[in-house]
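This report goes through a protein model by sheet, helix packing and confidence. Please keep the sequence and the structure open while reading.

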Amino acid sequence: MPPKRKATNVGGRPTKRTASQAGSGPSSPQTIDSSDEYSESGNEGNDSEAERISKALSKFTTNTKLQEKQSSAQEQVFTDLSYLELKPDHYDRPLWIDGRTNKITLETFSPMRKQAQDFLITIAEPKSRPQFIHEYQLTPHSLYAAVSVGLTADDILNGLNKFLKTPIPKTVVEFIQACTQSFGVVKLVLKQNKFFLETSDPQILRMLLKDEKISEVLSKGRVDENIIQEAAPKLNTMVIPGTNDAAGVRQQLGQVKPATAQDTADAEKKESDILVALRAEDDDEDIGEQKQVYSREVPNESVEVVTKRCQDIGYPALQEYDFNNDRVNPTLDFDLKPGTKIRDYQEKSLGKMFGNGRAKSGIIVLPCGAGKTLVGITAACTIKKGTVVLCTSSMSVVQWRNEFLKWSDLHPNDIAVFTSDHKESFTGKTGVIVTTYSMVTQTRQRAHDAQKMMDFLTAREWGLMILDEVHVVPASIFRRVGGTIKAHSKLGLTATLLREDEKIEDLNFLIGPKLYEANWMELSEQGHIARVQCAEVWCPMTTEFYQEYMKKDNHRKNNLLYVMNPRKFQACQFLIDYHEKRGDKIIVFSDNVYALQTYALKLKKAYIYGGTPQQERMRILENFQHNDQVNTIFLSKIGDTSLDLPEATCLIQISSHYGSRRQEAQRLGRILRAKRRNDEGFNAFFYSLVSKDTQEMVYSAKRQAFLIDQGYAFKVITHLQGIDKLENLAYSTISERKELLAEVMLQNETAGEQEQVTDDLFSSLGSRTKRKSGPKRSAGMLSDLSGGQGMAYIEYNKSVNKDFKSKHKSLFRTMKDNRAKHRQKILDKA
Ligand SMILES: Nc1ncnc2c1ncn2[C@@H]1O[C@H](COP(=O)(O)OP(=O)(O)OP(=O)(O)O)[C@@H](O)[C@H]1O
C-alpha cells in the first residue's frame with residue numbers, strides 16, 4: 001500500500017529528468033511501488049513550476065493579442081527586428097524570429113527553404129505564405145503538435161538555432177520549454193482496450209497520482225496500485241501503405257528494379273529530412289539504454305476526470321492508440337491496392353499522425369481536391385481495425401464507400417453504409433461503416449432498423465473514426481459523437497480550419513491538434529490542384545443607385561442597392577459571355593436570393609436556392625455537368641455546404657456573406673479540382689464583383705484574407721475591356737436602370753438579406769427541411785396596395801429550371817408580362 005498522502009496539493013513537480021536518469025529498469029514490463037523515492041517536500045516546487053508555465057503562456061497570449069491588434073489594424077507591414085543581433089553567417093540562414101510575438105519569418109528565396117519549411121510546419125502554425133516571405137506563429141497548440149510527433153524542447157531549439165539568422169531570444173526559449181515541459185509529457189494510451197496514463201518520467205506520474213482529484217478516482221481499489229515500467233515504443237518502426245516503402249508499392253515497382261533518379265532523389269530528400277535528423281540525434285544519445293515508460297491504468301469511467309484534471313494542472317494528456325499491440329479488437333486485413341502511391345504531402349500528413357508507431361488523433365488540413373479521402377483511407381489501412389467514417393451528407397457517404405473500394409482491396413462485404421435509406425452492416429467480425437453526423441447524433445425516436453444499427457455502432461470499439469469536413473461541424477456534435485461511438489483514434493479532415501467564431505479552438509481538444517496543413521500554392525505548382533487567377537472587379541455604382549445608397553433613411557436597403565447595381569449586372573453578363581465562349585463551366589454565387597433570381601431570370605440561366613426541390617436541383621446539376629448547352633448556373637449559399645457540385649472552371653461572386661474567409665476559400669475550392677488543370681497554360685478563374693465605394697469593398701477585403709495568406713494574388717479590374725461592345729448589354733439605357741431601381745426600392749428590406757442557410761449544417765439538426773422554404777420575403781407596401789403581392793410570390797417561387805421542361809419560353813413571357821404590369825401599376829401610383 002502506498003503511504004497516505006495529503007490530498008490538498010499536487011505533488012512536487014520534479015525537475016525534468018530523462019528516462020535514463022530516472023533509473024534504467026529492465027525492458028520487460030515490471031512493477032515498482034509508486035511510493036518509492038517520493039518526497040513530500042517536493043510539493044513546494046510544483047506550484048512555482050505550474051506558475052512559471054502559466055506565466056509563459058499568458059505572456060504569449062498577451063503578445064498574440066498585441067500582434068493581432070497590430071496586424072488587424074494593418075498598421076505594421078514589416079516588423080522591426082533591428083534589435084536582434086545577427087549571426088556572422090546569417091546570409092545563409094532563412095529564418096527570423098520576433099521574441100515579442102513568437103512570430104517566425106521565412107525567406108523563401110533561401111537555399112535552405114525546403115528544410116526550414118518542413119521543420120516549421122511541424123513546430124508552428126502557418127499564417128501567411130505568399131511568394132517570397134512566409135510567416136509562422138509558435139503557439140502552445142503548435143508546440144503540442146510538435147511534441148505529439150516525438151520532438152523534444154531540445155529538438156525544437158536545435159532546429160531553430162540551425163535556421164535562425166540570430167540567436168534564439170530568451171523569451172522564445174522560455175516559451176518553448178514551458179510548453180513542451182507540460183505538453184506531451186503525459187499520454188493517455190489505449191492498450192488492449194485499457195486506458196493507461198503514461199509518461200517517461202516516473203516522478204511526474206507519481207505527482208499526478210498524488211493529485212487530489214486523480215487519486216480520488218484512481219484509489220477505488222479497481223485499479224492496480226502499482227506503476228508499470230516497460231520499454232518505450234520505438235519511433236518510426238512502421239510503414240504507411242502507399243509510400244515508397246510499402247509492400248504494395250514495392251511489389252509494383254519490382255524488388256530488384258535498379259534505383260531510378262527519382263528513387264535517389266527521394267532517398268536524398270528523406271536523408272535531408274530535418275526531423276529525422278533531429279530525432280536521430282536523440283537516439284544517438286540513448287545508445288545502450290532503452291528508453292523506459294511508466295504507466296498506470298485508468299478505468300474507463302475515470303478517463304474523463306483524469307484527462308480534464310491533467311489539462312487543468314498544465315499537463316494535457318496526448319491520446320495515442322497502440323494499434324499494433326491491440327489484440328482485443330479484430331484486425332481488418334486490408335491494404336491499399338498494389339501500385340497505389342500516395343503523394344508526398346499526403347505521406348507527410350500521415351507521417352504526423354503515425355510518427356511514433358502509434359496513431360495520434362488530430363486534424364489534417366488539405367485544400368479541396370488534394371485527396372483527403374485517400375489520406376483517410378490510408379490511415380484506415382495503416383491501423384487495420386474497424387473504422388467509422390462520418391460525413392456531412394448521404395451523397396458523401398456513397399462517395400466515401402466507392403473511394404474505399406477504388407483505392408483499397410477491402411472486400412465490398414466489409415464496408416457498410418448507414419443512412420436514412422440504407423442500414424447495412426458488414427458480415428465479418430469487423431469492417432468499415434460510413435455514415436453521416438446527423439444519423440449518429442439525432443435525438444428523435446429511431447425506427448427499429450435504425451436503432452438496431454445504432455446499437456451495433458455503439459456496442460463495439462472502433463480503431464479509427466474519420467471525421468470529414470470538420471470545419472462545418474459544431475463542437476456539440478463532436479461531443480455527442482464522442483459520447484456515442486468509442487473510437488481509439490480520431491482523424492479530422494478539412495480544407496479550411498476556419499470559422500468566423502471561436503469554435504474552431506474546441507476541435508483541438510475534442511479531436512486533437514492540427515497535425516498538418518498543406519501549402520496551396522505548392523500543390524498548385526506541382527499540378528495537384530488547379531492554378532487559379534483571382535480578380536476583384538470594381539463596378540462603379542450608377543448615379544441613380546448611388547444617390548439612393550447615400551440617403552440615410554435607405555441604409556437598410558444598402559445591401560440590395562450594391563448587389564443590384566446595374567454595372568455589376570453588366571459585368572456579370574459580360575464575364576459569363578466571355579467564359580462561355582472559352583468553353584468554361586461557370587458557377588455564379590449569390591447569397592442574396594432576390595439578386596440570384598433576378599440575375600438568373602434576366603440572363604435566362606438555371607438557379608438553385610434553398611427553396612428548389614431536390615429533384616429539380618439534381619436535374620440542374622446533371623444538366624450543368626453533361627449538357628453542353630447549360631454552361632452557367634446560379635447558386636445561393638446552399639451551394640457552399642449542402643450540394644455536391646460538379647466541376648467548374650470559373651466562379652463569379654455577385655453577392656457574398658459579409659467578410660467570411662471560410663466561404664471565400666470554400667468557393668475557390670470548387671474550381672481547384674478542374675480536370676484540365678495539367679493542360680498547358682490552363683487557369684481556372686475566380687471573380688468577385690464588388691460595387692465601388694460601398695461597404696461591399698470592405699467585406700471583400702476581409703473575405704480575401706485567408707486566400708491571400710495562402711499566396712493568391714487578387715488582381716483588381718476596374719474596366720472590362722470590350723464590355724461596351726457586348727450585344728444586348730442589359731441596363732444600357734437610363735430608363736432601364738431607373739426601372740430596375742424602382743423595382744429594387746419596392747422590395748421589402750428583408751430582400752436585401754442573405755439566405756438563411758445556417759453557416760454549418762448542424763445548428764438546425766433535425767429541422768433541415770424547414771430551410772426548404774428559403775428566405776422569407778414579402779413584397780413591399782406599394783405592391784400590397786397594387787394587389788401584386790401574390791404575383792410576386794408566384795414569380796419568385798418558379799424556377800428557371802422549367803427551361804429543361806421546354807416550357808421556358810411561355811414561362812418567361814408570362815413572368816415578363818406580369819412584371820411589366822406589376823411595375824407599371826407601381827409607377828402609375830408613384
Ligand atoms: N495519391 C493519389 N494518386 C492519384 N490520384 C489521387 C491521389 N490522391 C488523390 N487523388 C485524386 O484526386 C482527386 C481529388 O481527391 P478527393 O476527392 O479525395 O479530394 P478532397 O481533398 O477530398 O476534395 P474535397 O475537399 O473537394 O472533398 C480524386 O480524383 C482522387 O482520386
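## The seven-stranded sheet

Seven strands form an open sheet with parallel pairing, in the order β21-β22-β20-β23-β24-β19-β25. At its edges are β21 (606–608) and β25 (714–717), each of which pairs on one side only. On average, neighbouring strands of this sheet are turned by 20° against each other, direction ignored. Strands here are DSSP runs (E, at least two residues), as helices are (H or I, at least four), numbered from the N terminus; two strands pair if DSSP finds at least two bridges between them.

Strand β23 (residues 650–655) and strand β24 (residues 684–691) run parallel and are joined by four bridges. Ile 652 stands opposite Tyr 687 in β24. Helix α23 (residues 593–603) lies across β20 (586–590), β21, β22 (632–635) and β23, and runs at about 165° to β21. Axes are lines fitted to C-alpha atoms, for helices over the stretch in contact, and angles run from 0 to 180 degrees between N-to-C directions.

## Basis of the model

This is a predicted model, in which local features need pLDDT of at least 70 and side-chain atom pairs count only at pLDDT 80 or more, while totals for chains, interfaces and linings use all residues. Residues are numbered from 1 along each chain as its sequence is written.

## Packing of α4 and α5

Helix α4 (residues 153–163) packs with helix α5 (residues 170–182) at an angle of about 150°, their axes 9 Å apart. The two helices α4 and α5 are therefore roughly antiparallel to each other (angles over 145 degrees count as such).

The contact is made by Ala 153, Ile 156 and Leu 157 of α4 together with Val 173, Ile 176, Gln 177, Thr 180 and Gln 181 of α5; two residues are in contact if their C-beta atoms, placed from the backbone, lie within 7 Å. Five of the residues of this contact are nonpolar, three are polar and none is charged (Ala, Val, Leu, Ile, Met, Phe, Trp, Tyr, Cys and Pro count as nonpolar, Asp, Glu, Lys and Arg as charged, and the others, Gly among them, as polar).

## Confidence

The mean pLDDT (the predictor's confidence in each residue, from 0 to 100) of the chain is 73, and 69% of its residues reach 70 or more. In the chain, confidence is highest in helix α13 (residues 372–383), at a mean of 95, and lowest in helix α29 (residues 781–786), at 25.

Over residues 56–76 pLDDT stays under 50, and the model has 18 contacts beyond four places in sequence for them. It also stays under 50 over residues 281–288, with three such contacts. The predictor gives the complex an ipTM of 0.97 and a pTM of 0.71.

Definitions and conventions
Angles under 35 degrees count as roughly parallel, over 145 as roughly antiparallel, 65 to 115 as roughly perpendicular and the rest as oblique.
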